[in-house]
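Here is a short report on one protein model. Keep the structure in view as you read.

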Amino acid sequence: TREIDGAALATPKGSMEALLAAAGLRVLFAMEALALPAVAVWVLPRCVAGVSPVYVCRCVYLEVSLYAHGVFGNGRGSSAEQAVAANLRQGPPALTQEQRQAPIRGINVLTKAEFVRAAPGQTLPPTKRVSMLLDGRALPIGEEMAYSSTPSSRGRSFFHHFGRPPKEAGALGVEEDEAWQHRARCLREGAEVHRQVRQFVQQKLRPGMELREIVEVVEKASSTLVGFEQKDPLRRGWAFPTGLSLNEVAAHDTVNPGDPPRWLLPTDIAKLDFGVQIDGHILDCAFTFAFDAMHDELMQAVKDATNEGIRRTGPDALVGEVGGCIQEVMEAAEVHRPDGKVVPIYSIKNLTGHSIAPYRIHSGKSLPSVNVGGSVRMLAGELWAIETFGSAGGVGYVVHSGECSHFMRTSAAPPNKLMMSALSDSGKALLELVDRRFSTLAFCPRWVVQEAALHKSFTKLCTGGGDAHRWWTAPLQELCNIGAVQKYPPLADLRGCHTAQYEHTVLLREACKEVLTRGHDY
């Protein structure tokens, strides 16, 4: 380039040919210098993460936008409105009788008579273990949907299977063998437990209830109906902490020991997400409820999107294409506010459905609510949590917000000697308790406190000083620091917006898919 530049300058009037040659070479060398980074930016997300680079760039942009709102502004809604909300949370809200009796929205609530007909033999409140209740009778089967009604995705070419049989050919196993039948029995029993618990809780939900009361009602009922036994805690019980997330918080929020009380307000929109497990076979199901009609359109859009995801689910379906169909249905809807403003609904880009494995709530595959590209497919025999999240008034993206209340062991394997040497005595004791009581199931500090109360020696070890309600903080942080336990903090969109979630567990059987957790409520 120097030689050509020199020749161009040496020309008396700078010939056009020399100048064009110099410019062309400069462009060529610039393209060569940028080619490798450009290829890397485009290829790496697809090869490493299995997603579209457009999706990655979009997520980065939305995360930066959310942090900018947090640093430079207070989100949507005036500071006065936020102050009013904060004051209401400092004590029981002063509600009128009409507000306290507001009907629940977002689900079909069963009357007491309908509940008794749907769960014959069960008491109200439910106190009978479902396995005993159904003794001698067949377990209820979930909603069966034929694959023929599922729009097929692109077929695989010869090159996808080059030199090997299709993976899905061996993913199912023999449906009639004992292992499959045992799995199906566990899943169907767990689904019936979930239905009875949530349909009972839905009858009790009212504005003015304390969040801790709601969570404890859910956990007490599910523990009783699933048949939890302290002597064998991993055989039957809770699958993960009861999530109760309000308004802009979309997921992973619950009550911690020592938290100040919080109450449901008439304008809140809440997501209730809980699960049970039998022999490690997990049922994951969630719904959204509210008391104000302004949330109806958001809840209906997310419910329709979840049902669309279920309809598109099937063996060999590309999860990216299923996510694209979910987004299309959800974002076709709008929220019409009382003031006449029309608010778009966005699929939350970084919250996903997921495959489920024994004792593992997230077993490796994810189902986003947008088309992320990639070549990941569903396989026959897999168990999937089909869940979608929508946001009205936000950006359709969530970031960590608030104190963490969900934790999970990263692996059932014990930490190595170097990691163990970094733990205090209380940290080692807590690790032992977590492995014995929860293994690789998710847990929360409330459950740790309940378990520790049954072992006086452990409680004395961990309560050497500080707040008696928060003794678990330091040893649990130690386990997170060495990587033995993973944090899952609350996830929130823009402050002041509203989010919704609906979820069902679906089993991909040989002849059809079974929506295990489907009920009369949703």
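## Ground rules

Contact means heavy atoms within 4.5 Å. This is a predicted model: local features need pLDDT of at least 70, side-chain atom pairs count only at pLDDT 80 or more, and totals for chains, interfaces and linings use all residues. Residues are numbered from 1 along each chain as its sequence is written, and side-chain values use heavy atoms, with hydrogens and water left out.

## Gln-99 and its surroundings

Gln-99 sits in helix α5, residues 97–100. Helices (H or I, at least four residues) and strands (E, at least two) are DSSP runs, numbered from the N terminus. Beyond its neighbours within four places in sequence, Gln-99 is in contact with Ala-94, Pro-207 and Pro-266. Gln-99 and Arg-206 are 107 residues apart in sequence, and their C-alpha atoms are 8.6 Å apart in space.

Is Gln-99 buried, partly exposed or exposed? Buried means under 20% relative accessible area, exposed over 50%, and partly exposed in between (1.4 Å probe, protein chains only). Gln-99 has a relative accessible area of 30%, so Gln-99 is partly exposed.

## The whole protein

The protein has 16 helices and 16 strands. Of its 522 residues, 49% are buried. Take the contacts in the protein with a separation of 6 or more: 78% of them join residues 24 or more positions apart.

## Two cores

A nonpolar core is a set of buried Ala, Val, Leu, Ile, Met, Phe, Trp, Tyr and Cys residues joined through side-chain atoms within 4.5 Å. The largest one here has 78 residues. Val-197, Leu-244, Leu-264, Leu-272, Phe-289, Leu-298 and Leu-367 have the most contacts inside it. Helix α8 (residues 178–204) gives the largest share of this core, eight residues. Another core, of 22 residues, lies apart from it; Cys-404, Val-434, Trp-471 and Cys-480 are among them.

Now look at Leu-272. Leaving aside neighbours within four places in sequence, its contacts include Val-201, Val-218, Cys-285 and Phe-289. Cys-285 has 0% relative accessibility, so Cys-285 counts as buried.

Helix α13 (residues 425–437) packs against helix α16 (residues 473–481). The angle is about 80°, and the axes are 8 Å apart. Axes are lines fitted to C-alpha atoms, for helices over the stretch in contact, and angles run from 0 to 180 degrees between N-to-C directions. Therefore α13 is roughly perpendicular to α16 (65 to 115 degrees). Residues making the contact include Leu-430 and Leu-431 of α13 and Leu-476 and Leu-479 of α16.

Key:
Parallel < 35°, antiparallel > 145°, perpendicular 65-115°, else oblique.
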